[in-house]
Structures are given as C-alpha cells and as structure tokens.
Amino acid sequence: MSDNTVGKSLRRLVALGLEGSANKLGVGIIAHDLSASGQKTGSATVLANIRRTYITPPGQDTAKHHRQNILPLIEEALTSSGLTPAHIDVICFTKGPGMGSPLVSVAVVARTLSLLWNKPIVCVNHCIGHIEMGREITGATNPVVLYVSGGNTQVIAYSKNRYRIFGETLDIAVGNCLDRFARVVNLPNDPSPGYNIEQAAKGGNKYIELPYAVKGMDVSFSGILSYIETIGMDVLKKGECSVEDLCFSLQETIFAMLVEITERAMAHIGSTEVLVVGGVGCNVRLQEMISIMAHERGGQVFATDERFCIDNGIMIAHAGLLSHVAGQEYTLNQTTCTQRFRTDAVYVAWRSDE
C-alpha cells in the first residue's frame with residue numbers, strides 16, 4: 001500500500017481504473033477516504049477521468065486502437081492528477097462483458113502494471129461499474145436500475161449481495177438497435193449513432209406505428225429493427241415520412257418498452273428510485289419518459305451526465321476499490337476476461353441488506 005494519509009484518523013486509498021470493453025477507452029483515478037475501522041467516509045474524489053473514443057470504420061480493429069492509446073492515456077491521467085505509480089494502491093480493469101479482443105488488450109496492460117508496480121489487481125464487472133458510479137454521483141440509495149447501452153439492456157435491483165436481473169433484452173441491446181438503424185438511414189457515427197438519432201428525432205412530428213415487443217419483464221428489439229428496415233424504409237421512399245419521423249417513432253416505441261418493464265420492477269420491489277446508467281442513458285428523451293413514470297408513482301429518477309454515463313475508467317476504479325476494501329482479492333490466474341459476464345454472477349461484498 002502507498003502511504004496515503006488524510007488527517008490523523010483517515011487513510012486514503014487510490015485506484016487506477018482501465019475500461020476498454022468496446023470502442024471507448026477510459027482511464028480513471030479515484031480516491032476513497034477510509035476511517036480507522038476501514039469504512040468509506042464521505043464522497044469519493046475523482047482525480048482523473050480521461051477517455052478516448054474510437055469512431056470505428058467498418059472492418060477496423062478496436063483492440064489495435066486501445067493498444068496504441070492506453071499507455072499515453074495512463075501517463076496523461078497520472079500527470080493530470082499529480083500522482084506517480086507510488087501513489088496508486090490498486091489496479092482495476094474491466095473483466096467483461098464486452099468485445100473479446102479489446103477486453104484482453106486492456107487486461108494485459110492491467111496485469112503488467114500490477115506486476116511492475118507491485119500492486120494488487122481487481123476484476124470489475126462493467127455493468128456493476130456503471131451502477132456503483134451512478135449511486136456514488138447521484139446519491140441514489142437502493143434504486144431500480146435501468147442499464148441501457150450498446151451491448152446491454154437490463155432492469156436490475158439489489159438483493160442479498162447480488163444485483164438481480166428482473167428483465168433484459170432477449171436478443172440485441174437497445175444501443176445496438178439504434179446503431180444499426182442509424183446505418184440504415186445513413187446517419188454518421190460521429191460523435192455516436194445514438195446521439196445523431198436523438199437529435200434527428202427532435203425534428204420528427206409523425207409517429208409511424210412499430211411493433212411493441214414486451215414479453216413479461218423482457219424486451220425484444222430485433223423484430224422492431226427488421227420491421228423499420230423494411231416497412232419503414234418503404235414508407236420513407238414513398239415520401240410518406242421523413243428520416244426524422246422514423247427516428248422519432250423508433251425512440252418513442254423502444255423507450256416506452258423500457259419504461260414499462262422498469263415500472264413493473266419498481267412495483268414489484270416497492271422502490272421509489274430509478275437510476276439510469278449506460279451510454280443510452282444520456283438520451284434526454286429517455287430520461288424524460290422515465291421521469292414522467294417515476295413522478296406519477298411518487299418516485300424520483302437519478303442519472304449522470306456524459307462524463308460518467310458513457311463508458312469510462314473512473315467507474316471501473318470506483319467499483320474496483322469498493323471490492324478491494326471489502327476484502328475481495330484476485331490472483332493473476334483469475335484476471336481473465338469473460339465476454340458474457342453476467343451482472344448477477346458477481347458477489348457484492350461491499351453492500352448489506354440492512
């Protein structure tokens with residue numbers, strides 16, 4: 001451990017977090033102040049949160065981008081925080097879920113730094129990184145979590161040291177649906193397909209009826225995507241609607257599905273809090289629709305801005321440090337990557353049911 005002290009009764013632990021599960025490469029450094037008994041006191045301190053997004057051309061290698069950029073980003077994070085490797089107490093990295101090659105590229109760097117700097121290493125579930133960062137930033141205590149991103153769509157609630165999945169996508173994730181539709185209507189990848197759909201939807205004023213696929217607590221997006229790629233594009237070619245109308249209709253339909261299953265989860269566990277996390281959670285219209293539902297139930301919605309909503313290294317550092325302080329340890333042999341790393345597979349040692 002480094003000799004990080006704050007006052008006479010507090011000890012400071014500092015974590016370096018590495019995130020590279022998809023096209024976002026993030027490096028974050030965070031500090032937790034601990035009491036003499038080892039309990040976290042006050043809010044975490046963000047010391048560095050640096051991200052580089054790879055706007056992926058078709059057929060190009062995201063892992064190569066991460067390998068080329070991760071060392072300069074780590075150096076930049078250390079410089080901006082005014083720290084050296086000696087100040088770092090633990091190395092945290094994303095174990096999964098995510099894209100195989102990018103995950104492995106970042107994990108190799110994390111393992112190497114752990115050995116070179118003689119620091120413990122912690123594996124972090126990407127989704128739990130989002131949840132814990134959201135709870136830390138917003139102050140939500142025990143919310144129903146709507147996790148929406150390019151690769152994941154889940155409704156989650158905590159119980160007995162696990163984040164339990166109440167509902168999820170049966171096929172593709174909501175972000176993947178939006179990304180693929182953006183390509184169909186030739187919206188650019190820069191800064192992101194979902195953002196460009198959100199902006200285009202603001203100009204839509206005609207709702208095109210689309211399939212509504214809620215199955216119990218689960219949702220399905222592939223049929224909606226197929227329908228809008230065929231019937232929707234046919235209507236577009238006939239001049240009966242605009243690209244903006246299709247973007248508006250797609251957003252309204254799939255977000256209504258997400259609101260429905262989120263409300264059902266709130267009713268089931270009796271919660272009045274909703275926390276929206278993941279890259280798609282930045283969408284203002286989604287936040288509006290969730291807020292309307294929650295307020296009608298006498299509840300409250302929590303969401304973060306793009307610094308913490310979009311994939312980042314600080315969320316991995318924060319969740320990893322919570323795990324480390326709770327006594328969860330990993331050997332190098334355990335620091336493999338798992339592309340399909342389930343949220344409910346993680347033992348959440350740092351929370352209790354009290």
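These legends accompany close-up views of a predicted model.

**View 1. The largest nonpolar core.** This core has 48 residues. Phe181, Phe221, Leu250, Leu286 and Ile290 touch the most other members. Two strands are among the elements that give two or more residues to it: E7 (144-148) and E12 (273-277). The helices that do so are H4 (174-184), H5 (193-201), H6 (222-237), H7 (243-269) and H8 (284-296). Helix H7 supplies the largest share of this core, eleven residues.

**View 2. The surroundings of Phe221.** Phe221 is among the residues of the largest nonpolar core that touch the most other members. Neighbours within four places in sequence are left aside here.

**View 3. A second core.** This core is separate and has 25 residues. Among them are Leu73, Ala77, Ala107 and Val109.

**View 4. The Arg285–Glu252 salt bridge.** The model has 13 salt bridges; this view shows the one between Arg285 and Glu252. The closest N and O atoms are 2.8 Å apart. The pair links distant parts of the chain. Arg285 lies in helix H8, and Glu252 lies in helix H7. They are 33 residues apart. Is Glu252 buried or exposed? Glu252 is buried, because its relative accessible area is 16%, under the 20% cut-off. Arg285 has a relative accessible area of 27%, so it counts as partly exposed.

**View 5. The Lys238–Asp234 salt bridge.** Lys238 pairs with Asp234 in a salt bridge. Their closest N and O atoms are 3.3 Å apart. Lys238 is exposed, because its relative accessible area is 56%, over the 50% cut-off. Asp234 counts as partly exposed, at 37% relative accessibility.

View 6. Arg342 is partly exposed, with a relative accessibility of 36%. Asp344 is partly exposed too, at 29%. Side chains of opposite charge can pair when their charged atoms come close.

Notes:
Residues numbered from 1 in each chain as written. Predicted model: local features only at pLDDT ≥ 70, side-chain atom pairs only at ≥ 80, totals over all residues. Heavy atoms only, no water. Core = buried A, V, L, I, M, F, W, Y, C linked by side-chain atoms within 4.5 Å. Buried < 20%, exposed > 50% of the residue type's maximum accessible area, 1.4 Å probe, protein only. Helix = DSSP H or I, 4+ residues; strand = E, 2+ residues; numbered from the N terminus. Contact = heavy atoms within 4.5 Å. Salt bridge = Lys/Arg side-chain N within 4 Å of Asp/Glu carboxyl O.
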